[in-house]
Amino acid sequence: MNGNFEYPPNQSQMSGSTVTGQNAIPYWTTSGFVEYIGSGQQQGDMILTVPEGAHAVRLGNEASIQQQISVTPGLYYCITFRASRTCAQDEKLSVTAIPVTGYPTQSGILPIQTVYTSCGWDSYSWAFKADAGIVSFTIHNIGQEEDPACGPIIDAIAIKTLNMPQPTGNNLLTNGDFEEGPYIPPDSKSGVMVPPMDEDDVSPLPGWKIMSYKKVVKYVDSAHFAVPRGARAVEMVSGVEAALVQEVYTTVEGSWYRLEFSVGDAANQCVASSDGYSTSGMKVKASAGASDTTVEVNFGGNGGSVRGKLEFQAPASPTRVVFESLGYYTKADKSGTLCGPVLDDVSLVAIAQPGVRQGYTAGCTHMQPCGGERGHSTGAGTASIEHALAGTHQGHNMAEYANYRSKQDGHVITSGISPAVPSRSPIPFPRRARFRDQERTADDALANHLDRGSACRSGARSAARPA
Ligand SMILES: [Ca+2]
Ligand SMILES: [Ca+2]
């Protein structure tokens, strides 16, 4: 309720724009230094804007807003909200959901330092499982800035039930078409960020995890982006710093599988490298088992997609399927807005062993008789790597690519996530710390160049059930 903060506060519990009573804002309980911000409000020489409507709240150091929401026990829920930075410091938000029974607490840390849209505010998503009929939901600014008023502005908080699609006989992957995911406000022209998460967190993108230290992927809709199939897909906006991962537990060690996927151009003029010069295309690396392939798209920022395919023998089970963008891309408008290739329509199916391989005689299982009756000869070495995109140059492997990029523009390209570690179930996710040393600063610098003047939204209002 009042998730967009348009119901005005009780003026007797206000001092100017500062909230002085914890129940001043209808339906919310606040603590710490919270301000009720009006669009156009002046702060020093800066005019504040709000992400939605005419009002929002700003959370100072250690400030929080909290609301009890009615949910159905056992179901999964996804919260979408907008946040904008008002200062340049590193900022993080903590979100928690605590059932009335007090246990278990589910929480997440959302990194909001990097700005992904040209207007300065982004939509973020976070998901939880309802463990009771009433859950206390809190957004807390854990920042410790010198200026206590230097906190993020929060607005447009909405909640939706998250369906959990099941794998089918035609696809061993869950939610391979990305049709299930966070609520995207219809007036949001720039999608919704899906943050990195730990292994046991509920993912806003059922089936998929975002592996990163503090970078995101963007969930986009066909109303505002070119989507390869259906109404939703994922835009990979963080280069190799964020990987989209799914563990498939139904694969059998030694059996053969085919991974297929679409890599697209979102028709958002994503045609520049992070230094603003035009790029010759965007590359996505797909890995499964011990095999990988790279697919490139080059549609000039006008939309379009190609299919990628990877046939591989599972060296272990579960099989980890990993996608990552191999570059940092920005829009052609010189705004520095980060963008990237779109991933959609991913499928994984069991296949017969494709031909007899040189030096590879394993793989005779109850599912896959020896001999390769499919007759799909692919030459020596590891599993077949096929590029669906004929006529474009072949993908670099990561080392070659890093070398290539460092020569091109001096970027530090870090190594990606290896899916090839053959370990037994469950495969531990790499710790976030692994990414800490790989942090790169160029895109954070980019964020500081953003033009915050242009609008991220059209006139329509959110239609979701407000939180
Ligand atoms: Ca609002
Ligand atoms: Ca889709």
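This is a predicted model: local features need pLDDT of at least 70, side-chain atom pairs count only at pLDDT 80 or more; totals for chains, interfaces and linings use all residues.

**A strand pair and its surroundings**

Modeller: Thr96 has Ser107 of strand E11 opposite it. Strand E10 (residues 92-99) runs antiparallel to E11, and 6 bridges join the two.

Both strands belong to an open sheet of 5 strands, in the order E3-E8-E13-E10-E11, with antiparallel pairing. In general, the strands of a sheet pair through hydrogen bonds of the backbone, in a parallel or an antiparallel manner. At the edges of this sheet stand strand E3 (29-31) and strand E11 (106-111); each has a single partner strand, so one side of each lacks a neighbour in the sheet. On average, and with direction ignored, neighbouring strands of this sheet are turned by 20° against each other.

Toward strand E24 (residues 304-313) it forms 10 bridges, and the two run antiparallel. Within that pairing, Asp265 has Gly304 of E24 as its bridge partner. E20 also pairs with strand E28 (residues 342-351), again in the antiparallel sense, over 8 bridges. There, Ser347 of E28 is the residue opposite Glu260. As 8 of its 10 residues are buried, E20 is largely enclosed by the rest of the structure.

The nonpolar core comes next. The largest one has 106 residues, and Val57 and Leu343 are the members that touch the most others. Strand E14 (residues 153-162) supplies the largest share of this core, 7 residues. Domain 1 (1-162) and domain 2 (168-442) each contribute residues to the core, so the core lies between them. Nonpolar side chains in soluble globular proteins tend to be buried together.

For Val57, the contacts beyond neighbours within four places in sequence are Phe5, Ile25, Val34, Glu35, Tyr36, Ile37, Ile65 and Ile154.

As for the chain overall, it contains 29 strands and 3 helices. Of its 467 residues, 47% are buried. Among contacts with a separation of 6 or more, 75% are between residues 24 or more positions apart.

Terms used:
Residues are numbered from 1 along each chain as its sequence is written. Chains are lettered from A and ligands numbered from 1 in the order in which they are written. A nonpolar core is a set of buried Ala, Val, Leu, Ile, Met, Phe, Trp, Tyr and Cys residues joined through C-beta atoms within 7 Å. A residue is buried if 20 or more other C-beta atoms lie within 10 Å of its own, exposed if 12 or fewer, and partly exposed in between; C-beta atoms are placed from the backbone. Helices (H or I, at least four residues) and strands (E, at least two) are DSSP runs, numbered from the N terminus. Domain bounds come from an automatic or database domain assignment. Two residues are in contact if their C-beta atoms, placed from the backbone, lie within 7 Å. Two strands pair if DSSP finds at least two bridges between them. Axes are lines fitted to C-alpha atoms, for helices over the stretch in contact, and angles run from 0 to 180 degrees between N-to-C directions.
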